[in-house]
Amino acid sequence: MSTSSIAASQVLDRVLVLEMVRVTEAAAISAAKLIGRGDEKAADAAAVEAMRAAFNELEFDGTVVIGEGERDEAPMLYIGEKVGTGKGPKIDIALDPLEGTTITAKAGPNALAVLAIAEDGCLLNAPDVYMDKLAIGPGYERGLVSLDQTPTERVTAFAKAKGVEPGEITVMVLDRPRHEKLIAELRALGCGVHLIPDGDVAGVISVTDPESTVDMYMGSGGAPEGVLAAAALSCVGGQFQGRLLFRNDDEKARAAKWGVTDLNRIYQLEDLVKGDAIFAATGVTDGSLLDGVKRRKDGVLTTESVVMRASSRTIRWVKGEHHKPR
């Protein structure tokens, strides 16, 4: 399904576009109070509580399908939790109140408050396991690259389509020991490898940015973040593939609980996000996608957010000033 063929949802009212920004702004502002404080759990908890409170002011019947974990692991915003007033349209929600808890604790770049919404049943209930991810920007033939290819084959095919040598391609990869072989293979091709410490939602989105030097995203990260990234790509174009990775029988059992039966399936973007969708993110710390929360000398807090909608292919950049209530 091409993004341009996605019909506007009767459920995702235009008003919800800006309401979603208010939700991510609330989470980002709360998390920002703990930037550089060295306490990942406190920063995450602050973002979660603020996001939940903001959701519960909205007139919809929301269900968290991608959240902080399962109910026994997460006290709030767990998978299956109901948010909103319970009145109005039924909406599926994928969220990460603080993508980059370690980044925030250490005052590093690219921490975000992120969410995506779609109609009931239109977001994949991805289990909280790893996902092998592959993303490229818009304008290329569908199926040009695949997770069934080796990294070398992917880069070679992409470079040919772009009309350049493989050594002119830049690939973004999460900086983890598990990616040592991937990084070595890419560098052996002469590729530029852009390593990021965390925040692979922003990393995947970077392949769609015309001003970015990043051509491709490869590597494994959380499956929930994969669904969030796919929601963003459904709004702006681009290709995404994901394959769930299982380290043990417990993770396979968790997947079965959420209806995953084919453990080797390659999920295309439209398998993860069906139909219309709204994606919103607010910067917590400064990053390549968004500026972080700032406190001016007059005490006013400033935020920068992006909100996208799949059906209209609209991208809005929102700068907010948050004054103390009188």
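This is a predicted model: local features need pLDDT of at least 70, side-chain atom pairs count only at pLDDT 80 or more; totals for chains, interfaces and linings use all residues.
Residues are numbered from 1 along each chain as its sequence is written, and side-chain values use heavy atoms, with hydrogens and water left out.

### The domain interface

Domain 1 covers 14-123 + 277-322, and domain 2 covers 130-272. These bounds come from an automatic or database domain assignment. The two centres, taken over C-alpha atoms, are 23 Å apart. Across the interface, 26 residues of domain 1 are in contact (heavy atoms within 4.5 Å) with 20 residues of domain 2.

What is the count of salt bridges between domain 1 and domain 2? The count is 0. A salt bridge is a side-chain nitrogen of Lys or Arg within 4 Å of a carboxyl oxygen of Asp or Glu. Polar contacts do occur: 4 residue pairs link domain 1 and domain 2, both residues at pLDDT 80 or more. A polar contact is a pair of N or O atoms within 3.5 Å; within protein, one must be able to donate a hydrogen and the other to accept it, and residues adjacent in sequence count only if both atoms are side-chain atoms.

Several elements give two or more residues to the side of domain 1 that touches domain 2. They are strand S3 (90-99), helix H3 (101-105), strand S4 (112-119), strand S11 (277-283) and strand S13 (301-309). Helices (H or I, at least four residues) and strands (E, at least two) are DSSP runs, numbered from the N terminus. By class, this side of domain 1 has 17 nonpolar, 3 polar and 6 charged residues. Ala, Val, Leu, Ile, Met, Phe, Trp, Tyr, Cys and Pro count as nonpolar, Asp, Glu, Lys and Arg as charged, and the others, Gly among them, as polar.

### Salt bridges

The model has 16 salt bridges.

| Pair | N to O distance |
|---|---|
| Aspartate 200 and lysine 133 | 2.5 Å |
| Aspartate 286 and lysine 294 | 2.5 Å |
| Arginine 296 and aspartate 298 | 2.9 Å |

Aspartate 200 lies in helix H6 (residues 200-205) and lysine 133 in strand S5 (residues 130-136), so their bridge ties together parts 67 residues apart in sequence. Aspartate 200 is buried at 4% relative accessible area, and lysine 133 is buried at 0%. Buried means under 20%, exposed over 50%, and partly exposed in between (1.4 Å probe, protein chains only).

Aspartate 286 is partly exposed at 40%, as is lysine 294 at 35%. Arginine 296 is partly exposed at 31%, whereas aspartate 298 is exposed at 52%. Elsewhere, salt bridges that share partners join Asp61, Lys82 and Lys90 into one network.

### Around phenylalanine 60

Phenylalanine 60 sits in the loop between helix H2 (40-55) and strand S1 (61-66). Is this residue, phenylalanine 60, buried or exposed? Phenylalanine 60 is buried, with a relative accessible area of 1%. Its C-alpha atom is 6.4 Å from that of lysine 90, 30 residues apart along the chain. Leaving aside neighbours within four places in sequence, its contacts include Leu16, Met20, Phe55, Val83 and Ile93.
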